[in-house]
Amino acid sequence: MTAPSDAPRVLADIALEIDPDEVLRFQGYKRGADVPSREVRALFDEAMALGRRLMEPRAVVRWAPVTRREGDTLEAAGVALTIPAIERAWGPVAELAAAVCTIGDQLERRGAELWEARELPLAVMLDSVGSGAVESLAEYVNDMLCQEGIRRRLQVTNRISPGYGPWDVTQQRELFRLCPGEEIGVRLNASCFMTPVKSISLLAGAGVAARVDHYFSQCARCWMRDCAYRRAPALKTVHR
Ligand code: SF4
């Protein structure tokens, strides 16, 4: 199988299912340990139904061959990314896959209206639904990139994002040069934060000997049921 075109690709019609555990995590619940009360559950169900109606999941993705690898600096398509400890974490990667994902701004607009109307519990829960939805979307895209890599016999790493862990948030600008979020309406402000707020930018590496699953098994959350290369049983899915 040949490499995908290295032009950015827009994905729409994404059959996204929101992971309820992600939503509850944003509410401060520990996975498997805390059980929400009946009242919280009712609020959760209401916010999930509203969130499913309002979210508009979209993503732009781009594959690019690595043209320079020097310690923790990786260069692709003329863009140099410096990511502390990436050489040790990912091992030898021959390609980068960058993506920007968003659920759009309808959900956050409705949340602002709920704040205005002092419907605070629902506003807070809806905000968590939005955060859970965009995390689920980033997982969905990471799974898809893994499947695309595997078809070309490349191992694909877990995703990372500027501003998380040791990776400097100002590298968002470089990531956007590699993968233009503007194509799906995502913009960066002067502080490198994205609008709509419920957006995630991500980067994964790929190579025949790339290190995968070094902090969690991507397969355990992957929606590709029939993947012949599955390394762990699927626990749940972010695919409808
Ligand atoms: S099941 Fe595992 S190997 Fe297959 S696409 Fe999903 S994450 Fe990749």
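Predicted model: local features only at pLDDT ≥ 70, side-chain atom pairs only at ≥ 80, totals over all residues.
The shell of residues around the ligand divides into 7 nonpolar, 2 polar and 3 charged. Among the residues surrounding the ligand are Cys 146, Cys 219, Cys 222 and Cys 227. Asp 143, Arg 230 and Arg 231 also belong to that surrounding set, as do Gln 147 and Gln 218.

Let me turn to helix α5. This helix covers residues 120-151, 32 residues in total. From its first C-alpha to its last, α5 reaches 47 Å, close to the 46 Å expected at 1.5 Å a residue. Is this helix enclosed or open? Of its 32 residues, 23 are buried, so α5 is largely enclosed by the rest of the structure. After the helix comes Arg 153, with a positive phi near 60 degrees.

Next, the nonpolar core. The largest one has 59 residues, and those with the most contacts inside it are Ala 97, Ala 99, Leu 137 and Val 141. The element that gives the most to this core is α5, with 12 residues. Setting aside residues up to four places away in sequence, Val 141 touches Ala 59, Val 61, Ala 99 and Cys 101.

Finally, I would draw your attention to Leu 107, which is found in helix α4, residues 106-116. Leu 107 has 26 other C-beta atoms within 10 Å and is therefore buried. Beyond its neighbours within four places in sequence, Leu 107 is in contact with Gly 51, Leu 54, Met 55, Leu 126, Gly 130 and Lys 198. Asp 213, by contrast, lies 32 Å from Leu 107, C-alpha to C-alpha, and 106 residues away in sequence.

Notes. Residues numbered from 1 in each chain as written. Helix = DSSP H or I, 4+ residues; strand = E, 2+ residues; numbered from the N terminus. Expected span 1.5 Å × (residues − 1). Buried ≥ 20, exposed ≤ 12 C-beta atoms within 10 Å, placed from the backbone. Core = buried A, V, L, I, M, F, W, Y, C linked by C-beta atoms within 7 Å. Contact = placed C-beta atoms within 7 Å. Near = placed C-beta within 6 Å. Nonpolar A, V, L, I, M, F, W, Y, C, P; charged D, E, K, R; others polar.
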